[in-house]
Amino acid sequence: MPEETADHQRPPAEVRFADELDRLREHDDGPRPPGWALSLTGARRFIVGDDALGVTRKFVGDTALIDRALVTLATSRGLMLVGEPGTAKSLLSELIAAAVSGTSTLTIQGGAATTEDQIRYSWNYALLVSEGPSTRSLVPAPLLTGMAEGRVVRFEEITRCPLEVQDSLLSPLSDRVLAIPELSGPESMVFAREGFNVIATANTRDRGVNEMSAALKRRFNFETVFPIADFATELDLVEREAARLLERSGVGVAPRRDVLEVLVTTFRELRNATTEEGRPMDRLSAVMSTAEAVSVAHAVGVRGWFLRGEPGGAADIVECLAGTAAKDSADDLTRLRRYLEQAAARRDGEQWKALHAARHRLPG
C-alpha cells in the first residue's frame, strides 16, 4: 500500500490490492471487452481469487453471479445489484469497478438530498458569471467523468434518490450520450467512450422508498446478492475480517474462534428466525447481516482488549449486540432477551453458558 494512504481507514480496492491487479494485468492474455483493463476471466480471478498468482478471494458468494455481472457490464446494459442490507453489494460493485476500470472512486451516493448536479455536472459559479458557460467553468460529476473517460460509475442506494433524479440516467444508459445544453457546438454533447457503464445497488428492504421507473428498470439487468448460506464459510469470513479490523484498531490479540462460533450462530438464528434444531423463534426487525456480525466481532475484540487486556468473550457479545438489535424497534430487545433466555440456555459449552448468564446486561 502506498505510504500516503497507509493511514487511511479504508483505501479503495485499486489501492488495497494494487499488487494483485498488476500481477493479473501482467498475466492476463484473455480477450478484453473494449475499454476494459482486464479480461472477463482476469476480473473474475481478481474477485474470487487465484492461488497460483497470489490473488486473494475478496467476495464470498455465488461465483455464477459474478460471471453474470461481468457479462452484463460487457454489454450496453447497466448492472443493478439488489439484496438484503449487509450482503456486500457495495463491496462487489467496488471490486468489479476496480477490475474493469482500474478505479472504483467514480461513485454517486444516493440519498434524499442527492441532486442531478451531483450525478451529471455542475458549475464553478465565479467563472460562470465572469466568463459565461464554458468547459473551464464546467465541474464534472462522476457520470460525466465516467462517460468521457470510459470508466465504470457506481451508484450506491439508487432507490433512496427521488424518481426524477434517478431518471437522469435514462439518456446516458440508452443513447450513451449526455447533453450539456448550456454549451454550444461539439462541446454540448458528451459521448460515452468504450468501457463506460453503471453499477447501481439497492436494498430490497428499502426498494419502496422511491420505486424505480419502468423505463429505468429496462436499462438494467438485476442480480440478487443473497446472504451466505454455509455456516463455515460465514464463520471464516467473520474471523478474517474481524482480525483485520482489530489489527487496524491496535488490538494485540486475534479474536477467539469459539466466541466467533457463538456470535455467528446467534446471528444466523436471529436472521432466519429458526434455531439449528429447527425450533421457530421471533424474527428481529433489525438486519442481522454478516456485515453486522463483523462489526459486533470487532466491537467484542476492542472491548475485551482495551478494557481488560484479553480477546473478549461471549458476555461481551451481549453488550455489543444491544446496539445492533435495537436499531429499528424497541421490541427487538425483548426478542433478543427471549433468545438468550431460551435458545442459549439449551446449548452446551463455556461460551454459550456465558452468553446466557450475561442476558441481564441488555438494557431495559
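Buried here means under 20% relative accessible area, exposed over 50% and partly exposed in between, with a 1.4 Å probe and protein chains only. By that rule Trp123, at 11% relative accessibility, is buried. The model is predicted: local features need pLDDT of at least 70, side-chain atom pairs count only at pLDDT 80 or more, and totals for chains, interfaces and linings use all residues. Residues are numbered from 1 along each chain as its sequence is written, and side-chain values use heavy atoms, leaving out hydrogens and water.

**Aromatic pairs**

- Two aromatic pairs are present (ring centres of Phe, Tyr or the six-membered ring of Trp within 6.5 Å; planes under 30 degrees apart are stacked, over 60 edge-to-face, the rest tilted).
- Phe17 and Phe46 are edge-to-face, 6.0 Å centre to centre with 75 degrees between the planes.
- Phe17 lies in the loop between α1 and α2 and Phe46 in helix α3, so the pair ties together parts 29 residues apart in sequence (helices are DSSP runs of H or I, at least four residues; strands are runs of E, at least two; both are numbered from the N terminus).
- Phe17 is buried at 18%, and Phe46 is buried at 0%.
- Tyr121, buried at 7%, makes an edge-to-face pair with Trp123, with ring centres 5.9 Å apart and planes at 85 degrees.

**Charges over rings**

- The charged end of Lys58 sits over the ring of Phe17, 4.9 Å from its centre (NZ of Lys or CZ of Arg within 6 Å of the ring centre and within 35 degrees of the ring normal).
- The charged end of Arg347 sits over the ring of Trp352, at 4.7 Å from its centre.

**Sheet**

- An open sheet of five strands has the order β2-β5-β8-β1-β9, with parallel pairing (at least two DSSP bridges between two strands).
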